[in-house]
Amino acid sequence: MTASGLSFAFAFMAGLLDVAANLASSKSDGFVKRGWGVLSILLVLAAFALLAEAVKGMELAIAYAVLGGTGIFGTAISGRLFFGEKLKPIGWVGLILVFGAVLVLHTA
Amino acid sequence: MRLAWLFLALAIATEVVGLTVMKASSASCAYIGHAVMYASIALSYVFLARAVKTVPVGVAYAIWEGSGVALITLVSVFIFGHVLSGREVVGLSMAVLGILLVNAGKAHDDDIGEEAAP
């Protein structure tokens with residue numbers, strides 16, 4: 001089954017929500033700050049709601065990999081921009097692989 | 001420490017089960033399947049939060065996400081009968097490897113952070 005554009009968009013947006021959830025989770029300091037903690041859980045659930053829409057038009061494994069890849073890529077970039085988190089060269093290689101993976105899966 | 005790894009394994013298992021149930025019910029638009037998925041994802045998050053109290057965050061996330069993609073691929077192939085094309089195999093392999101490397105690039109910082117703590 002070829003991924004349709006709309007399903008891919010749902011999986012990609014799910015990844016973006018996953019990024020937002022990870023950022024909220026970081027702000028919650030291990031859920032010590034409950035407001036941020038609750039927000040991060042709500043965002044994760046919203047991400048998986050979009051994933052549920054995506055799998056109606058594409059295979060689960062592909063949709064989940066796009067969510068995961070987008071999430072990890074966005075979280076790493078955001079972590080660097082907002083929290084000054086440094087990433088080692090091996091991490092950058094990983095980001096290139098993740099970005100490439102999403103492109104390959106999009107055209108598969 | 002052994003308990004933390006158990007929590008991590010449970011986090012991975014509950015997420016995979018939740019997504020499998022959701023996919024299985026997606027054709028029939030059953031809301032029960034979605035409810036099971038939401039409960040499973042929330043439970044998975046709780047288990048992961050317990051795991052990262054002792055397992056370094058970077059390592060835990062790498063294993064959770066990397067094995068999640070790998071296991072859900074196996075579910076897709078063996079339970080839902082999805083035949084992977086060559087490009088899909090390449091893409092999924094790149095995703096798993098990339099996720100592991102990104103978190104490997106962070107995990108060391110986490111370790112340094114822990115060592116630096118007084």
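A pocket, as the word is used here, is an open set of grid points with protein on both sides within 12 Å along at least five of seven lines, and a residue lines it if the residue has an atom within 4 Å of a point. The model to which this is applied is a predicted one.

The second largest pocket holds about 160 Å³ of space. Its lining consists of Phe8(A), Phe12(A), Leu16(A), Gly69(A), Thr70(A), Phe73(A), Gly74(A), Val98(A), Phe99(A), Val102(A), Leu103(A) and His106(A). Helix 1, helix 3 and helix 4 of chain A each contribute two or more residues to this lining, and helix 4 of chain A has the largest share, with 5 residues. Sorted by class, the lining of this pocket comprises 8 nonpolar and 4 polar residues, with no charged ones.

Rolling a probe the size of a water molecule over the atoms shows where empty space is left. The count of cavities of 30 Å³ or more is 2. In the largest cavity there is about 140 Å³ of space. Its lining is made up of 14 residues, and those nearest the centre of the cavity are Asp18(A), Tyr64(A), Leu67(A), Glu15(B) and Trp64(B). Both chains take part: helix 1, helix 2 and helix 3 of chain A, along with helix 2 and helix 3 of chain B, each give two or more residues to the lining. The class breakdown for the largest cavity is 9 nonpolar, 2 polar and 3 charged residues.

Leaving out residues up to four places away in sequence, Trp64(B) touches Leu8(B), Ala11(B), Ile12(B), Glu15(B), Ser44(B), Tyr45(B) and Leu48(B).

Chain B as a whole has 4 helices and 0 strands, in the order α-α-α-α from the N terminus. Buried residues make up 46% of its 118 residues. Among contacts in chain B with a separation of 6 or more, 72% are between residues 24 or more positions apart. The accessible surface of chain B is about 5,800 Å², and carbon and sulfur atoms account for 74% of that.

Two single residues close the tour. Which residues does Ser76(B) contact, leaving aside its neighbours within four places in sequence? Ser76(B), in helix 3 of chain B, is in contact with Glu59(A), Leu60(A) and Ala61(A) as well as with Gly81(B) and His82(B). Ser76(B) counts as buried because its relative accessibility is 0%, and the cut-off for that label is under 20%.

Ala47(A) belongs to helix 2 of chain A. Its relative accessible area is also 0%, so Ala47(A) is buried. Beyond its neighbours within four places in sequence, Ala47(A) is in contact with Ala14(A), Leu17(A), Asp18(A) and Leu67(A); of these, Asp18(A) and Leu67(A) are listed among the residues nearest the centre of the largest cavity. The C-alpha atoms of Ala47(A) and Ala20(A) are 9.6 Å apart in space, with the two residues 27 apart in sequence.

Key. Residues are numbered from 1 along each chain as its sequence is written. Chains are lettered from A and ligands numbered from 1 in the order in which they are written. This is a predicted model: local features need pLDDT of at least 70, side-chain atom pairs count only at pLDDT 80 or more; totals for chains, interfaces and linings use all residues. Side-chain values use heavy atoms; hydrogens and water are left out. Contact means heavy atoms within 4.5 Å. Buried means under 20% relative accessible area, exposed over 50%, partly exposed in between (1.4 Å probe, protein chains only). Accessible areas come from the Shrake-Rupley method with a 1.4 Å probe; for residues, only the protein chains shown count as cover. On a 1 Å grid over the protein atoms alone, a cavity is a set of points where a 1.4 Å probe fits but cannot get out, and a pocket is an open set with protein on both sides within 12 Å along at least five of seven lines; lining residues have an atom within 4 Å of a point. Grid points are joined across faces, edges and corners, and a volume is the space filled by probe spheres set on the points. Ala, Val, Leu, Ile, Met, Phe, Trp, Tyr, Cys and Pro count as nonpolar, Asp, Glu, Lys and Arg as charged, and the others, Gly among them, as polar.
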